[in-house]
Amino acid sequence: MAPVYAASGAWEQIEGNWNQLAGKVKQRWGKLTDNDITVINGKRQELVGKIQERYGVAKNEAEKQVGEWEKTQSPQ
């Protein structure tokens, strides 16, 4: 069974700093449009859904990508 990624403290920081991090999201997932970034607005599940839509990947793959990216954004 694929892991389910829950909203974490790190994601709360990402959501709170969405305007600053939106550029990093677009660097990581270049197929996302400016409108996608606006719709996502820091919401993790919206990001997962847009990655699925733009890249044609399964939800568990999109969750994995977001989880890996999230780890790179949190202070170690």
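**Charged pairs and the core**

The side chains of glutamate 15 and lysine 43 meet in a salt bridge, at 3.5 Å from N to O; the term denotes a side-chain nitrogen of Lys or Arg within 4 Å of a carboxyl oxygen of Asp or Glu. Glutamate 15 belongs to helix α1 and lysine 43 to the loop between α3 and α4, so that distant parts of the chain, 28 residues apart, are linked. Helices are DSSP runs (H or I, at least four residues), numbered from the N terminus. The model is predicted: local features need pLDDT of at least 70 and side-chain atom pairs count only at pLDDT 80 or more, while totals for chains, interfaces and linings use all residues. Residues are numbered from 1 along each chain as its sequence is written, and side-chain values use heavy atoms, leaving out hydrogens and water.

Lysine 50 forms a salt bridge with aspartate 36, the closest N and O atoms being 3.6 Å apart. Because lysine 50 lies in helix α4 and aspartate 36 in helix α3, the pair ties together parts that are 14 residues apart in sequence. Both residues are buried, that is, under 20% relative accessible area, whereas exposed means over 50% and partly exposed in between (1.4 Å probe, protein chains only).

The largest nonpolar core has 16 residues; such a core is a set of buried Ala, Val, Leu, Ile, Met, Phe, Trp, Tyr and Cys residues joined through side-chain atoms within 4.5 Å. Helix α2 gives the most to this core, with four residues.

Conventions. Helix = DSSP H or I, 4+ residues; strand = E, 2+ residues; numbered from the N terminus.
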